[in-house]
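Opening the notebook on a new model today.

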Amino acid sequence: MMSTSFVAMTSRGRGTADKELQTVHREVVVVGGGFAGLALADRLGRDDVEVLLIDRNNYHQFKPLNYQVATSQLGISEVGYPLRGIFRRHDSVKVAVGEVVAIDPDARSVTLADGTVCTARILVLGVGVDANFFGVPGAEEHCYPMYTLEDAERLSRRLISELDRVDSPLGITSDIDVVIVGGGPTGVELAGAIAENLRVVIAPRYDGGIASKVTVHLVDHGDALLKPFSDASHSYARRELEQLGVQLHFGTSVTSVSADGVELGDGSRIDSDTVVWAGGQRPPSLIADSSLPVGHGGRINVNDDLTVTGHDGVYALGDIALIPDIHGRGGETTSLPQLGSVAQQSGQHAARNILADLAGRDRSRFKYRDKGIMAMIGRGAAVAEIGRGRRHIQGHVAFLAWLGVHVMLLPSAWQRLAAVSSWVTDYGTSLRPRRVNVG
Ligand SMILES: Cc1cc2nc3c(=O)[nH]c(=O)nc-3n(C[C@H](O)[C@H](O)[C@H](O)COP(=O)(O)OP(=O)(O)OC[C@H]3O[C@@H](n4cnc5c(N)ncnc54)[C@H](O)[C@@H]3O)c2cc1C
């Protein structure tokens with residue numbers, strides 16, 4: 001496809017940085033190299049469409065496995081992979097690392113933090129979502145959020161230093177309490193993995209005592225774990241976490257967080273200097289600050305062909321988009337959940353529609369193929385609900401299915417190989433934690 005890119009330079013006013021303002025034009029500009037942006041750029045790259053993919057990081061992160069980085073099961077390079085490496089075989093896809101600070105949907109342009117303006121014939125937004133602390137006092141300041149690979153690495157360092165305190169011949173000088181806020185898949189997976197580190201990997205090496213000194217708490221304002229799953233999965237997850245010694249606090253919320261603990265809505269308090277926030281997400285302020293139309297939860301309103309309502313040349317995909325579920329139950333139109341599979345399929349479908357745009361053909365409606373949902377609780381313990389009918393499986397079969405699905409979704413063969421080798425060592429032995437704390 002013929003290139004339409006150009007670069008224009010204009011000098012900045014007196015008193016600003018020496019750098020010149022730059023305007024770059026590309027056929028398709030994609031913001032966000034997550035599941036959605038990656039799937040879209042890959043499909044367009046195969047048809048030689050000129051794409052500029054912008055991300056604040058030089059890597060794609062596989063968010064569903066971030067908790068395994070936080071708990072020393074996988075290393076960073078098994079979960080994050082360089083975007084340039086992913087697109088090395090697509091000459092027409094160029095990757096730019098930069099922070100997008102403004103979006104102009106009318107001009108189909110974005111502005112980067114260094115002042116560069118990127119304009120496009122078709123603009124695609126796949127910026128994902130950020131942690132939502134719901135204004136809980138102290139939460140943003142003191143919690144360890146669990147949304148990005150950077151968060152996972154920071155939490156990993158914290159947990160390793162806590163485990164160093166526990167796993168010591170000198171004995172534990174004070175109790176250790178880890179609090180996890182939120183009983184969704186991320187909270188459950190984290191609670192299971194941290195408790196397993198203590199109970200299965202560390203405690204057997206000592207005469208006892210450790211189990212009573214270290215407690216993992218999970219707080220959720222609802223009355224069940226894994227809310228989007230079935231009752232069978234709720235009960236299974238609860239039983240498995242309780243067996244690992246996790247203390248569950250249902251029906252109460254965290255009302256404030258300080259450097260040494262959390263206050264709960266029922267008036268109780270848990271002393272802890274490691275509070276993990278897995279309690280909710282929201283669109284970045286970048287979206288609210290633009291003139292994009294937003295709906296429920298501040299997500300961008302899109303039509304059923306994934307274009308932004310009222311903006312024909314702009315697409316929004318994945319977590320950031322309020323995508324209509326055209327199969328909505330009872331005939332009503334609902335929106336699709338914020339899942340990796342929705343993001344990936346929306347990226348693939350938007351690419352097909354962009355190819356149609358460029359060829360002057362009609363776009364088609366996005367129909368999500370729902371293959372089900374799954375969550376890991378610990379070694380040999382997982383739940384999966386298969387297909388739209390949500391056929392429930394649990395235990396070892398679900399555990400193996402979880403490993404298989406996640407390994408297949410990793411974007412490179414190298415990562416797949418590395419993850420399988422880590423899991424064989426990890427789940428087949430008691431060698432965790434094997435990571436070092438640097439810095
Ligand atoms: C901890 C965790 C666990 C999860 N587990 C599961 C699971 O088990 N199964 C499942 O289906 N889903 C899971 N999800 C949800 C799934 O990860 C998301 O639905 C999916 O990542 C959404 O893809 P996306 O492309 O919309 O956004 P993301 O994958 O979030 O990607 C957004 C990209 O945009 C970039 N970006 C954002 N803002 C800017 C900016 N201003 N400038 C430049 N770049 C920017 C980011 O760096 C990122 O690369 C999980 C999510 C989290 C956080």
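Ground rules: I am working with a predicted model, where local features need pLDDT of at least 70, side-chain atom pairs count only at pLDDT 80 or more, and totals for chains, interfaces and linings use all residues. Residues are numbered from 1 along each chain as its sequence is written, and side-chain values use heavy atoms, with hydrogens and water left out.

I looked up the second largest pocket and got about 530 Å³ of space. A pocket here is an open set of points on a 1 Å grid over the protein atoms alone, where a 1.4 Å probe fits, with protein on both sides within 12 Å along at least five of seven lines; lining residues have an atom within 4 Å of a point. I find 24 lining residues, with L38, D42, I86, L410 and P411 closest to the centre.

Helix 1 (35-46) gives the largest share, 6 residues. Helices are DSSP runs of H or I, at least four residues, and strands are E runs of at least two. Domain 1 and domain 2 each put in at least three residues; the bounds come from an automatic or database assignment.

I found F133 in the loop between strand 10 (130-131) and helix 5 (139-142). Buried or exposed? F133 counts as buried because its relative accessibility is 9%, the cut-off being under 20% relative accessible area with a 1.4 Å probe, protein chains only. Beyond neighbours within four places in sequence, I noted contacts (heavy atoms within 4.5 Å) from F133 to A139, E140, C143, P145 and W277.

Technical notes:
Points joined across faces, edges and corners; volume = space filled by probe spheres on them. Buried < 20%, exposed > 50% of the residue type's maximum accessible area, 1.4 Å probe, protein only.
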